[in-house]
Amino acid sequence: MYVSMTNMLAKANKENYAVAAINCFNLESAYAVITAAEEMNSPIIIDLLMEHLQKHLGMETVLPCVIDLARKAKVHVAINLDHGKSKDYVVKAIHAGFSSVMMDSSELTFEQNIKNCQEICEIAQKNDVSVEAEVGAMGAVKNSQYTNQKMYTDPAQAIEFVRLVPVTALAISFGSSHGIMPKDYVPKFNFDILKEIKKATNMPLVLHGSSGCGPENISKSVEFGINKVNIGSDVMKAQSDSLCEQYKNNPDRDFVEIVETTIQPAIDTVKKYIKIVGSSNKE
């Protein structure tokens, strides 16, 4: 069933669990994510990254097909535009059929972030589309630009932001980074930031960059108030590892068969995260 994130995250917030949001960029990855959710009887969010849609197949091509998969699913599926950096692109996504959008102006001034998100919320509400925003900033494992303390969310700003902007969910920065973590590296989370914001807002909060953060960090994040957990790199790595293994063992194998071998590793990885975030049997 195709839905927005609004009721999905409200239920997660009330019952103290999180919904996994998985980055997808084609039909195979979306199919794997929905299959995993159905097997776990779990709600699920498919994140389509603005950058992927701009560099590869556009939303006009990808979105209708993914929506069709969501509508036929046995569980609730939201499709969210992830890290929408352009206000015009986010508006376009709303009218194209996304059930949820993220207006990510976190790299701009606090005042501009508020202004952009207020404008998007006004348009989204008229179209029954939920909105995610971000206060604070996150680094990336790529080029060793990890999140540092200066990039953490200021709780006072987050609290002020949601007072002024009627977003469905707020992404905050308290220790995670985008990308695949180095082997044996586990980031340190500042849970005090999360606790303070949750206590003051009591709204769905979002953890980005969860890949490689470790089950303990994620479980504690959910315990302290995270209701949406974004995962991308770990699922894609499971698929790329499968590709490498297949080419290594049988380089002449048919490409269609090789692509098919990437689906089960993705399903297994998504199911692992569904267990961690606690959304199994929440349908």
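Is Glu119 buried, partly exposed or exposed? Glu119 is partly exposed, with a relative accessible area of 27%. You will meet this residue again in the third view below; keep in mind that the model shown here is predicted.

**View 1. Strand β3 sits between two partner strands, β2 and β4.** Look for residues 44-49, which make up β3; 6 of these 6 residues are buried. Ile44, Ile46 and Leu48 point one way from the strand, while Ile45, Asp47 and Leu49 point the other way. In general, side chains in a regular strand alternate between the two faces of the sheet. Strand β2 (residues 19-24) pairs with β3 in the parallel sense over 4 bridges, and here Asn23 stands opposite Asp47. To get from β2 to β3, the chain passes through helix α2 (residues 27-40), making a right-handed β-α-β crossover. Strand β4 (residues 77-84) also pairs with β3 in the parallel sense, over 6 bridges. In that pairing, Ala78 of β4 is the bridge partner of Ile45.

**View 2. The second largest pocket holds about 210 Å³ of space.** Its lining includes Phe25, Glu28, Met236 and Phe255. Helices α2, α10 (233-249) and α11 (255-260) are the elements that each give two or more residues to this lining. The biggest share comes from α10, with 4 residues.

View 3. Lys115 counts as partly exposed, at 40% relative accessibility. Lys72 is exposed, with a relative accessible area of 61%, whereas Asp68 is partly exposed at 34%.

**View 4. A salt bridge joins Lys282 and Glu15.** The side chains of this pair meet at 3.7 Å, N to O. Lys282 lies in the segment after α12 (263-277) and Glu15 in helix α1 (residues 5-15), so the pair ties together parts that are 267 residues apart in sequence. Lys282 is partly exposed, with a relative accessible area of 26%, and Glu15 is partly exposed too, at 37%. Find Lys11 as well: Lys11, Glu15 and Lys282 are linked in a network of salt bridges. Across the whole structure, a search finds 16 salt bridges.

Definitions and conventions: Residues are numbered from 1 along each chain as its sequence is written. This is a predicted model: local features need pLDDT of at least 70, side-chain atom pairs count only at pLDDT 80 or more; totals for chains, interfaces and linings use all residues. Side-chain values use heavy atoms; hydrogens and water are left out. Buried means under 20% relative accessible area, exposed over 50%, partly exposed in between (1.4 Å probe, protein chains only). Two strands pair if DSSP finds at least two bridges between them. A crossover is right-handed if, with the strands pointing away from the viewer, the path from the first strand over the helix to the second runs clockwise. On a 1 Å grid over the protein atoms alone, a cavity is a set of points where a 1.4 Å probe fits but cannot get out, and a pocket is an open set with protein on both sides within 12 Å along at least five of seven lines; lining residues have an atom within 4 Å of a point. Grid points are joined across faces, edges and corners, and a volume is the space filled by probe spheres set on the points. A salt bridge is a side-chain nitrogen of Lys or Arg within 4 Å of a carboxyl oxygen of Asp or Glu.
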